[in-house]
Structure formats: structure tokens, C-alpha cells
Amino acid sequence: MDDEAHIEFRCFATLGGYQPENADRFPVVPGETAGDVIRRVGLPLDEVNTVFVNGRQALMSQRLEPGDRIGVFPKVGGG
Amino acid sequence: MDKIIRINTRDRTHRVENLSDMGFLGGRALTSRIIAKEVPPDAHPLSSANKLVFAPGLLCGTTAPNSGRISVGGKSPLTHGIKESNAGGTVALALARLGIAAVVLEDKPDEDADWCALRISADGVEFHDAGELAGKTTYNCVEPVHKAFGEKNAWAVIGPGGETCRQASTIQFTDPSGRPTRSAGRGGLGAVMGSKKVKALVVDPSGGERVKAEDVDAFKTSTKRWAAMLKEHPVTSGGLPSYGTAVLINIINEAGALPTKNFRDGRFDKAPNISGEKMAEIIEKRGGKTREGCHPGCVIQCSQMYMDEKGEYLTSGFEYETLWALGANTTIDNLDDLAVMDRTCDEFGLDTIEMGNTLAVAMEAGIIPWGDGKAAIGLLRRVGDPSDPLGRIVGNGARFLGDAYGIDRVAVVKNQSLPAYDPRSTKGIGVTYCTSTQGADHTAGYAICQNVLNVGGHVDPLSKEGQVELSKNLQVATASIDSCGFCLFVAFAVLDNEDGVQTMADLVGARFGRSFSSDDFVALGVSTLKDEQDFNERAGFTKAHDQLPRFFSTEPLPPHNTTWDFTAEEMQGAKV
């Protein structure tokens, strides 16, 4: 029985090295928040500037649902 | 820096005027003032009544970091409104050292007149025959320009695009390595230069002087603070130098705002293939350079040298906008193909944003298949053949090609193609596209900072709330930044530092030994925009022109399924 839920979990730019190997199917336990998984992979919180959940900017306290897509960015700009 | 050099391209004479008769102006403030005052608003952009103005910003030539940008102004052949197209490169510094605030190209010679190259030095202005340069691509001008004028000049040149007066043509400026890679890209000003039969503008700074601040101590103090601000901010010190502007591909894609397949989707499934991270990986593998400045005195270093598979130089200034326009918007995801397309645009002197949108329209029309990089390169190269009718049509931009082929899906405002952010999911930038005097332009009021990047605060990109005011404030600040000669990317640091605007104002005050407050800094932007709006109104633009094409209001954009829901009336709040 597969009682694990999964999310897509991507880290970008200078945080790319923290992206887990199982980024396409990253397991989460019920009730986990964006902040929980970010800490779990060891991302340095002071370098995390923008967190997207399903393309919307999210707070660290946002609860994750199975199938969510999370993207973590440092402060970037260009244009 | 008080001289205005007026060059008559018909009788090949010039005269020198004093800037102070016009007011305290530089860069965009000066180009827009000259155009608004002197060009009849109903003039055809390619007629003798139009003028082409090159003006370094107020702080060009000083030791203040990132203050070496040039403004080029004229009535745009693309939008038929006023145009300020901004570029890096070395010409701004060279003009500043010669004490020149602006070079104004006036009148035009007969159709069958010979091409000329203008040389400006401490000794004055010379007209040289440019028969040998005519028809050459910009890169192929390097050797003959060096042979004729020496290797230590700064110069601007048009390619076959400008020579044949294409509406998407650029003016290319030499970068610090001497290559003509930096573009005054938008609005077709290369065609204005071409209409005046000027192939190149060569500036020899050798007899000039270093620019000195009037108040040396105050200038030194402000420069120190300014440099620290740029060197400490994570965007200007980390993301931009490491990945270039292409660092945006992934974050704009993640936000659901990366226009894909001619604005059908906000996400491109192959975005990682054209990202800044991927580009940096390839550059490092092939022995290129990930960091390079576009002008002397740049501490951000967001340009690069991109090499081909054999390790030979291919292109630089390989920007996010270029990768998006030629890539995601056409669904081409091969970075090497995109680099060849970028190089081709620089060679022919074509705006990469306009060309990307034009290629997407060519794909709509079935001229070439979606996502086919080789076919796109082939079509672009046809622009270089003046006898090729399709090449001529493509070189005139997205709307012109759309009209020629009966395509109704063309993403333009005031005839200028949209840049790399879908306005349905980043509504602040949509307000800028609609209301900028320049046509659809992202740099004119870069609300992506607050909509997506969390620089200078946060404004929900999907909501209408706060967007009009945000865009207006940014448009004013940008006009000031462009007038000072600052690189727009200083704004990332300025927006996150309380003393950012004050420091810029202090630099201007100390440079010229006059009182210049942060209010004066803002007022400079407001008066510049007023000049531009006034010209456009007299040229026939109304509020009905301040709107996106209708499909943005009727087609929801995945993944957020939002539409553009502002009226043209609501847009008027973003005007000064």
C-alpha cells in the first residue's frame, strides 16, 4: 500500500544544488508545510526569497497537498 | 558636457550649440525634449523632418558605477510615436569625454546619395565615404572600421536591417571588447539612421578629457555608497553576474507568466533547456565567459561570451528577452540555435524581441513550423537579402507580417511587440505595456520586481489592485534613471535601499555642483514623460491606443486562467 503523498520540488539558480534527487516525486507527509520541506532538504532560509506553490507565491506556513508543484528561488532579477 | 553637435546629413555640415540653452538635461530627458520640440509630430519617421539624437546620460564618463548608458531618440518607424531606445556599449563614455551632451542627425540626403561614416573627435566632425561598409553586417564592419579609423574608437553602426529601413532595425554599439553587440533595440531607430544614409558613427575619445565632478569630495562619498549598494544586493552581485538576465526564465515560468507559443500558455515545458542555469553550464563547459560588462564601469557584469560547440565565440548580450522571444514564444528550445539567431539579429541589426514575435507570427501563418530552430534561422537570414520580399516583410516586425498573411493573433501595443511577461498573469507590467509612450516595453516600468521578484515589496500579480499606481511610479523613476545614464538594473538595489534614490540624486548634484534633491530626481522623470506624452498626443495617439490586443481579454491564460481585465479608461491613471 502506498500511503505516501508526493509533490514536485524544484530549486533554482544558486539554490539549485539543494534540489533533491527525487524532485519529480518528492514524498511529503500529511500536514507538512512549504517551510517543513524546505528545512528538510537543508535549504538556507536566509537565501530563500521566493517560494511558489502551483505558481502562486506562498508563505512558509502553507500546507502542501499531494500533486503540488513547489519552486524555491533566491533573490533574482533581470529583464 | 555642454555641447550639442547638430549634423546636417544632406549638405554634410555641422554646427555646435550650447546645451544650457535647453535646460538641465541628459540622456532620455534630452533626446525626448529635442524630439518633442523639434520634430513635427506628423512627420514620416523616414523623412527629412525626423531627427536622430544620441545622448549620453548625465553621469556618463564619471567614476560612478553603471552610469555609462546612452539614449537614442527619434520618431519611431515602428510605433510612429516618440522613441527612446537605450543601450550600453562604449559610445556614451567617448562622447562624455569629448564634452558632448548630444549628437543630432538632421535632414536627409537624396535617395541615391553615398553612404557615409561620421567621425567625431576633439577636432570636430568629419564625413567619410562608407562605400566599403555598405551592405555589410555589423560584425563584418569591425575590420574595415579598424582599418579606416583605428582600433581605439567607440562606434555605432547599422546592419542591413537599418540600411533597408526595416521597422525592427536596431543601432548596434561596440562593447568594451570592440564587438558591435549592444543594441538600441526597440522601435526601429536603425531605419532612421539608414534613411539619413549614415552607416556608422565613430567617436574618437583620445583628445578628450576625463570627466571630473564639480564637488570632488561629495562625489567620492556618494560613489562609495553607490558602489556598495550595487555590490551588496543579491540580484546585482549574485544572480545577474552568475546567470545573466536569463536567470529569469525559470522564475517567470514558475510564476506562470512565460508567454509560450505566441501567448497561448504561461508555462513552457522545455523552459529549463533555455534557462540561465543551462546557459552558464554550457558556457563553462566550452570555455566562454559568464561575466562581462556591457560598458566600462559596470560592476554587475550580466553579459557573457557564449561559444559554439567548437569553442569559438558566437554571441554575447544573450538576454532573457531574446531567449524568450526566439525560444519559448516560438517553442524552440535548442540553446545553440537560439545563440545563432541572436547573433544573426546583431549582425543584421534587428531587435530580438520584435523578431521573436515576428517568427511566432510566421509560425501562425505556416511559413515555418513551430519549434523549428533551423527553419527560423533560415527565415531570419532572408532579412539580410534586400532583394527578398519576404525578408523585407519579416524585417518590419510582427504586425507587418501578420497583416501581410492575414493573421489576427499579433501581440503588439502601438505596433510594438510585447516582451517576455504575459500581462494576464503579471498585470503590473501589462499596465506599463499599455501606457508607456514607447509601445509595449518592459523596461519602461518594470513591475515584475514587485509582481514576481519580491524586490521593492510585493503586489499580487493576478489582482488589479495597486498595479496602475505601481506602474506609474516605476515609469517616472525609469525615465529619471535613463536620463542619468544609469543601467536600469541598478533599480533592483535602489528599490531595496531606503537611501537609493537619494544617492542617485546626490551623485548628480555633486557631479554638476548644484543642488539636486530626490524630488528633483523624480521631477526629471515626470518632465521627460510629459514631453513624450505631449509628442504622442500631437502625433494622434489617444487613450484608445492604451490597450492590449483583445485576445488578452477573452482568452484565459493557463495555468492561472486569468484574463486582462483593465479598461483603457482605467489605464489613464498611469499617465503623468
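1. Which two helices of chain B have axes that come within 8 Å and cross at roughly 15°? They are helix α12 (residues 352-364) and helix α15 (residues 398-405), both of chain B. A quick word on the terms: helices (H or I, at least four residues) and strands (E, at least two) are DSSP runs, numbered from the N terminus. Axes are lines fitted to C-alpha atoms, for helices over the stretch in contact, and angles run from 0 to 180 degrees between N-to-C directions.

2. Before you go on, keep in mind that this is a predicted model, where local features need pLDDT of at least 70, side-chain atom pairs count only at pLDDT 80 or more, and totals for chains, interfaces and linings use all residues. Residues are numbered from 1 along each chain as its sequence is written, chains are lettered from A and ligands numbered from 1 in the order in which they are written, and side-chain values use heavy atoms, with hydrogens and water left out.

3. Back to that helix pair. α12(B) and α15(B) are therefore roughly parallel to each other; angles under 35 degrees count as roughly parallel, over 145 as roughly antiparallel, 65 to 115 as roughly perpendicular and the rest as oblique. From α12(B), the residues B:E354, B:N357, B:T358, B:V361 and B:A362 meet B:A398, B:L401 and B:G402 of α15(B), where contact means heavy atoms within 4.5 Å. Sorted by class, this contact of α12(B) with α15(B) has four nonpolar, three polar and one charged residues. (Ala, Val, Leu, Ile, Met, Phe, Trp, Tyr, Cys and Pro count as nonpolar, Asp, Glu, Lys and Arg as charged, and the others, Gly among them, as polar.)

4. Now pick out one residue of α12(B): B:T358. Is B:T358 buried or exposed? B:T358 is buried, with a relative accessible area of 1%; buried means under 20% relative accessible area, exposed over 50%, and partly exposed in between (1.4 Å probe, protein chains only). Leaving aside residues up to four places away in sequence, B:T358 touches B:V394, B:G397, B:A398 and B:L401.

5. Helix α6 (residues 216-232) and helix α7 (residues 234-243) of chain B pack at an angle of about 45°, with their axes 4 Å apart. α6(B) and α7(B) are therefore oblique to each other. On the α6(B) side the contact uses B:M229, B:L230, B:K231 and B:E232, and on the α7(B) side B:P234, B:T236 and B:S237. These divide into three nonpolar, two polar and two charged residues.

6. On to strands, starting with β1 (residues 3-8) of chain B. Five of the six residues in β1(B) are buried, which leaves the strand mostly covered. β1(B) pairs with strand β2 (residues 13-18) of chain B in the antiparallel sense over six bridges; two strands pair if DSSP finds at least two bridges between them. In that pairing B:I4 stands opposite B:E17. The hairpin has four residues between the strands, and B:R12 takes a positive phi near 55° there. Six bridges also join β1(B) to strand β6 (residues 100-106) of chain B, running parallel, with B:N8 opposite B:E106.

7. Chain B also has an open sheet of three strands, in the order β13-β14-β15, with antiparallel pairing. β13 (289-292) and β15 (313-315) of chain B stand at the edges, each with a single partner strand, so one side of each is left without a neighbour in the sheet. The twist averages 40° from one strand to the next. Helix α9 (residues 276-286) of chain B packs on the sheet, touching β13 and β14 of chain B, and its direction makes about 60° with that of β14(B). Helix α11 (residues 335-348) of chain B lies across β14 and β15 of chain B, at about 75° to β15(B).

8. Last stop, chain A. In a regular strand the side chains alternate between the two faces of the sheet. Strand β3 (residues 50-53) of chain A has both faces covered: A:T50 and A:F52 on one side and A:V51 and A:V53 on the other are all buried. A:V53 stands opposite A:I70 in β5(A) and opposite A:R56 in β4(A). In the hairpin of β3(A) and β4(A), which has two residues between the strands, A:N54 takes a positive phi near 55°.
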